[in-house]
Amino acid sequence: MSTTGATADPLAALGSLPGVAESVESVRKAVDRVYGHRVMRRRSTEITAEAALRGARGSAALSGADWALEEVRRRTDFSGDAEARVMGAALRLSAEAGQLLSIWRQSPLRVLARLHLVAAASGGEEVGRPRQAGEPVDEPLIELPLPDAAEVSGRLEGLADLIIAGTSAPALVTAAVVHGELLALRPFVSHNGLVARAAERIVLIGSGLDPKAICPAEVGHAELGRASYLAALDGYVSGTPEGMAAWIAHCGKAVELGVRESTAVCEALQRGAA
C-alpha cells in the first residue's frame, strides 16, 4: 500500500471503496451478535481462551502446520519437527498479543519486533528486527516478489506513521491493511505470516471492535483456505481499488467465520457440552 500522497488519511479513504462499507457493517453486526450471547455475560474468559487456542491453530495451518484442534490441546512439547515449531510459535504469539495492546498505538514497530522475537524463540542477531540487505527470507508458502530491505524499511515506517497518527478508518480496514502490508513486505527473515496475523488480531482487539478477543479471524482465514487467502493477497499487492476491496472483504469474511466459531463455543457451553 502506498502511504504517500495528498490524502490526509489514506486508510479512511479505503472505506469508500466499492463493497467495503458493506463488509464493515456485516462484520460489526456479526460481532455485536456474539457479544450479546447470554453465555458471554458469565463465561467470557472461557470464550477468550478458546478463541486464542483456535486462532493459533488456524494461523499455524496457514503456515503449513494444519493440526486437529484436539492434537493442539494434547501436545505439551512443540520443539520437535518443523510443524511442531510452527504451532508452538503460533501459540506463543496468541498469548503475547494481548500484552502488547498498550504499546501498539505508540510504537507499532516495537510491537512487530517483539512479535517476531516471540515467534522465532531464538537468539540470532537477525531475530526481532527487519531483515537487512542480502538476508534470505524463509516464507515458502508466499511466493510473491520480495521487496528489498530499503523498500521494507520505508514502507514499515510509513505504516507506523499512519498508525501513530490515528485514523478514522473502520477497524476492519486498518487490520486488513496491516495484515496485507506485512505479508507483502515479509519484513523478517522468518514467521512473517504468523506475525502478520497476530498484528491483525492486535488491531481488531485494540480498536474496540473485539475488546475481549473472541472473534479469531485466523480461524476464518484457515477455513477459507490457503488458495483463497493467497488470491486475495494478490489483490492487495496489486494496489488496485478492486484488489484492495477484495482483500478487505476477504478479511471481513474471516472475522465473521471467527465469530461463527466462537458462537458455536458459546452454544456448546450453554448446553453443558464443553
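Visitor: Is A213 buried or exposed?
Guide: This is a predicted model, in which local features need pLDDT of at least 70, side-chain atom pairs count only at pLDDT 80 or more, and totals for chains, interfaces and linings use all residues. Residues are numbered from 1 along each chain as its sequence is written, and side-chain values use heavy atoms, leaving out hydrogens and water. Buried means under 20% relative accessible area, exposed over 50%, and partly exposed in between, with a 1.4 Å probe and protein chains only. A213 has 10% relative accessibility, so A213 counts as buried.

Visitor: Where is A213, and what is its phi?
Guide: A213 sits in the loop between helix 10 and helix 11; helices here are DSSP runs (H or I, at least four residues), numbered from the N terminus. A213 is a residue other than glycine, yet its phi is positive, near 55°.

Visitor: How do helix 10 and helix 11 pack, parallel or oblique?
Guide: Helix 10 covers residues 192-206 and helix 11 covers residues 217-224; their axes are 9 Å apart, at an angle of about 135°. Axes are lines fitted to C-alpha atoms, for helices over the stretch in contact, with angles from 0 to 180 degrees between N-to-C directions. Under 35 degrees counts as roughly parallel, over 145 as roughly antiparallel, 65 to 115 as roughly perpendicular and the rest as oblique. Helix 10 and helix 11 are therefore oblique.

Visitor: How many of the 15 residues in helix 10 are buried?
Guide: Helix 10 reaches 21 Å from first C-alpha to last, close to the 21 Å expected at 1.5 Å a residue; the expected span is 1.5 Å times one less than the number of residues. Helix 10 is mostly covered, and the buried count is 14.

Visitor: And H191, what is its relative accessible area?
Guide: H191 lies in the loop between helix 9 (171-185) and helix 10. Although H191 is not a glycine, it has a positive phi of about 60°. H191 is partly exposed, at 21%.

Visitor: What about helix 8 and helix 9: parallel or antiparallel?
Guide: The axes of helix 8 (residues 149-165) and helix 9 come within 11 Å and cross at roughly 170°. That makes helix 8 and helix 9 roughly antiparallel.

Visitor: Which residues does V178 contact, leaving aside neighbours within four places in sequence?
Guide: Contact means heavy atoms within 4.5 Å. V178 is among the residues with the most contacts inside the largest nonpolar core, which has 81 residues. Such a core is a set of buried Ala, Val, Leu, Ile, Met, Phe, Trp, Tyr and Cys residues joined through side-chain atoms within 4.5 Å. With those neighbours left out, V178 is in contact with W104, L159, I163, A199 and V203.

Visitor: What does L17 touch, not counting residues up to four places away in sequence?
Guide: L17 is in the loop between helix 1 (10-14) and helix 2 (20-35), and L17 is buried, with a relative accessible area of 14%. The C-alpha atoms of L17 and I248 are 231 residues apart along the chain but separated by 9.8 Å. L17 touches P241, M244 and A245.

Visitor: Where does helix 3 bend?
Guide: Helix 3 (residues 40-62) has end C-alpha atoms only 29 Å apart, short of the 33 Å that a straight helix would reach. A bend is the angle between axes fitted to the seven residues ending at a residue and the seven starting there. Helix 3 bends by about 40° at E46.

Methods. Helices (H or I, at least four residues) and strands (E, at least two) are DSSP runs, numbered from the N terminus.
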